[in-house]
Amino acid sequence: MSARRDLFERLVTALERLAPSVEPPTDWLGAPAYIWRRESTRSLGTLDAYPLDTLRGIDEQKHSVVENLTRFARGHAAHDMLLWGARGMGKSALLRSATSQIQSDLPGKLALVQLEQSALCDLPHLFGELAEQKRQFVLYIDDLGFGRDGAGEALSLRSALEGGVATRPANVRIAVTSNRRAIVSRSASEQESPLSPSDDRHDALALADRFGLSLGFHPCDRSTYLEIARAYTEPLGLSFDEEEALAWSIARGALSGRVAWQFATELAGRAGKQL
């Protein structure tokens with residue numbers, strides 16, 4: 001009997017190793033943010049975000065995003081959002097910071113769920129999970145762009161926003177950041193069909209038009225760039241030479257919030273401080 005029992009236990013152990021692990025149900029009420037893939041969901045204990053006051057040069061965009069998300073967190077009518085424009089000007093940072101601020105003001109009411117563009121075709125599955133929760137969710141898709149192989153993903157997102165049978169539930173809004181207003185990749189927009197040369201762009205604009213709130217982010221000027229750099233460095237007691245800050249931006253070929261943050265990081269590192 002002992003030999004049979006040992007054999008049985010070894011078989012059970014082997015089968016357990018072969019069987020795929022079962023993911024526990026996601027606690028959609030217990031974290032400020034999540035990273036979602038259909039096969040798994042990762043909860044984030046903290047939402048990495050700058051204080052809203054740190055974000056400079058985008059005051060109008062900041063006001064619009066905070067107002068829209070506050071309405072949504074309170075259960076009022078709110079828009080899906082498209083944040084588009086220049087790289088490094090705070091589109092993603094603003095979305096995280098606004099969400100973090102509202103979570104502080106209205107605890108437990110709002111969560112951010114980031115998903116990759118490749119997961120767009122699985123949106124109905126996620127909608128089904130979130131619709132059952134007593135909480136508001138912002139689905140966040142960063143740096144969105146569709147090339148020639150992205151037609152299915154684009155249609156899935158268009159359908160989710162408006163017009164499809166599996167539209168987003170009332171407690172879900174979608175927020176997208178993109179470098180281009182039309183949400184197409186450069187290669188796609190420049191390689192249009194010779195039979196209908198504007199179809200690709202019209203399709204992309206049909207998607208962009210489904211966002212009730214569309215906010216443009218534009219390259220900043222020298223004074224705004226320096227203001228952003230000061231917003232990052234002054235809380236640390238750091239000062240800098242403006243010419244050095246501008247030289248840093250010239251070396252990187254851009255005046256932007258991201259470049260200002262990189263310059264502040266350099267100064268903090270030299271001074272032995274942590275940002």
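Modeller: Let us begin with strand β4, residues 110-115. Helices (H or I, at least four residues) and strands (E, at least two) are DSSP runs, numbered from the N terminus. The model is predicted, so local features need pLDDT of at least 70 and side-chain atom pairs count only at pLDDT 80 or more, while totals for chains, interfaces and linings use all residues. Residues are numbered from 1 along each chain as its sequence is written, and side-chain values use heavy atoms, with hydrogens and water left out.

Colleague: How many of the six residues of β4 are buried?

Modeller: Buried means under 20% relative accessible area, exposed over 50% and partly exposed in between (1.4 Å probe, protein chains only). In β4, five of the six residues are buried, and the strand is thus described as mostly covered.

Colleague: Which strands pair with β4?

Modeller: Two strands pair if DSSP finds at least two bridges between them. Strand β1 (residues 33-37) pairs with β4 in the parallel sense over four bridges, and Tyr 34 stands opposite Val 113 of β4. Strand β5 (residues 136-141) also pairs with β4 in the parallel sense, over five bridges; here Val 113 stands opposite Leu 139.

Colleague: Through which helix does the chain cross from β4 to β5?

Modeller: The chain passes through helix α4 (residues 123-130), and this β-α-β crossover is right-handed. The term applies if, with the strands pointing away from the viewer, the path from the first strand over the helix to the second runs clockwise.

Colleague: Where is Asp 80, and is Asp 80 buried or exposed?

Modeller: Asp 80 lies in the loop between α2 (59-73) and β3 (81-85). Asp 80 is buried, because its relative accessible area is 4%. Its side chain reaches the backbone nitrogen of Ile 174 at 2.8 Å.

Colleague: What is the volume of the largest pocket?

Modeller: On a 1 Å grid over the protein atoms alone, a pocket is an open set of points where a 1.4 Å probe fits, with protein on both sides within 12 Å along at least five of seven lines; lining residues have an atom within 4 Å of a point. A volume is the space filled by probe spheres set on the points, which are joined across faces, edges and corners. For the largest pocket the volume is about 390 Å³. Of its 23 lining residues, the closest to the centre are Gly 88, Met 89, Gly 90, Lys 91 and Arg 258.

Key: Polar contact = N/O pair within 3.5 Å; in protein donor to acceptor, adjacent residues only side chain to side chain.
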